[in-house]
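Visitor: I have a model open and would like to talk it through. Can we start with the fold and then move on to details?

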Amino acid sequence: MDGVLFFDGHCGMCTRARNRLMRLDRTGRLRSEPLQRPGVAERLGVAAQRLPESAWWLDSSGAVFAGAKAMNAALSTARGTTVPMRIYSLPGVGRIQEWIYRWVAAHRYRFRGVTPLCESEPERCGPPRAS
């Protein structure tokens, strides 16, 4: 499965997670883009207000996933295996992963990260964020 991981480019923890996934990519099929890039909501078919809720995955078939499922899809693509997606689909596992993901996402600006992508590469993120 090929696809694009969309992540919060203003978040240092999110950028760190994205960087780690990119380093794990042994297939060369994983791509990533910040949620702040113009046109992302339209590409995903998601209301713009919902974008900051989570990371998003758009695979080559057009399927869109959010949250833990999106991260599992990105990891599956990076490693060239369906194991992360199969584990996610085990009874109860996806629900637990989503609960953990939602908690982390709600507190993501409190976690240590790296320089957010939109600060280090502002040209990739579109217009500056309003303060």
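Guide: This is a predicted model. From the N terminus on, the elements run β-α-β-α-β-β-α-α-α-α.

Visitor: How many helices and strands does the protein have?

Guide: There are six helices and four strands.

Visitor: What are the spans along the principal axes?

Guide: The C-alpha trace covers about 40 × 30 × 30 Å along those axes.

Visitor: And which radius of gyration does the protein have, against that of a compact globule?

Guide: The protein has 14 Å. For 131 residues a compact globule would be near 14 Å, so the value agrees.

Visitor: What share of the residues counts as buried?

Guide: Of the 131 residues, 43% are buried. As for the surface, the protein exposes about 7500 Å², and carbon and sulfur atoms supply 56% of that area.

Visitor: Contacts next. Of those between residues at least 6 apart in sequence, what percentage joins residues at least 24 apart?

Guide: That percentage is 66%.

Visitor: Charges, then. How many are positive and how many negative?

Guide: The protein has 20 positive and 11 negative charges.

Visitor: Switching to cysteines. How many disulfides are there?

Guide: The count is one disulfide. The pair is cysteine 118 and cysteine 125, with sulfur atoms 2.1 Å apart.

Visitor: What cut-off is behind that?

Guide: The two sulfur atoms have to be within 2.5 Å. At 2.1 Å, cysteine 118 and cysteine 125 form a disulfide.

Visitor: Left-handed or right-handed?

Guide: The torsion about the S-S bond of cysteine 118 and cysteine 125 is about -95 degrees, so this disulfide is left-handed.

Visitor: Are cysteine 118 and cysteine 125 buried or exposed?

Guide: Cysteine 118 has 9% relative accessibility and counts as buried. Cysteine 125 is buried as well, with a relative accessible area of 3%. The cut-off for buried is under 20%.

Visitor: What about cysteine 11 and cysteine 14, buried or exposed?

Guide: Cysteine 11 is at 0% relative accessibility, so cysteine 11 counts as buried. Cysteine 14 has a relative accessible area of 14% and is buried.

Visitor: Now some loops. Where does serine 89 lie?

Guide: Serine 89 is in the loop that runs between helix H4 (83-88) and helix H5 (93-106). Serine 89 counts as exposed because its relative accessibility is 54%, and exposed means over 50%.

Visitor: What is the C-alpha separation of serine 89 and proline 122?

Guide: Their C-alpha atoms are separated by 36 Å, and the two residues are 33 residues apart along the chain.

Visitor: And where is threonine 82?

Guide: Threonine 82 sits in the loop between helix H3 (67-79) and H4. With a relative accessible area of 48%, threonine 82 is partly exposed.

Visitor: How far apart are threonine 82 and tryptophan 57 in space?

Guide: They are 15 Å apart, C-alpha to C-alpha, and 25 residues apart in sequence.

Visitor: One more loop. Which elements are on either side of the loop with arginine 110?

Guide: Arginine 110 lies in the loop between H5 and helix H6 (117-120).

Visitor: Is arginine 110 buried or exposed?

Guide: Arginine 110 is exposed, with a relative accessible area of 72%.

Conventions: Residues are numbered from 1 along each chain as its sequence is written. This is a predicted model: local features need pLDDT of at least 70, side-chain atom pairs count only at pLDDT 80 or more; totals for chains, interfaces and linings use all residues. Side-chain values use heavy atoms; hydrogens and water are left out. Buried means under 20% relative accessible area, exposed over 50%, partly exposed in between (1.4 Å probe, protein chains only). Helices (H or I, at least four residues) and strands (E, at least two) are DSSP runs, numbered from the N terminus. The radius of gyration is taken over C-alpha atoms; the globule rule is 2.2 Å times the number of residues to the power 0.38. Contact means heavy atoms within 4.5 Å. Accessible areas come from the Shrake-Rupley method with a 1.4 Å probe; for residues, only the protein chains shown count as cover. Lys and Arg count as positive and Asp and Glu as negative; His and the chain ends are not counted. The place of a charge is taken as NZ of Lys, CZ of Arg, CG of Asp or CD of Glu.
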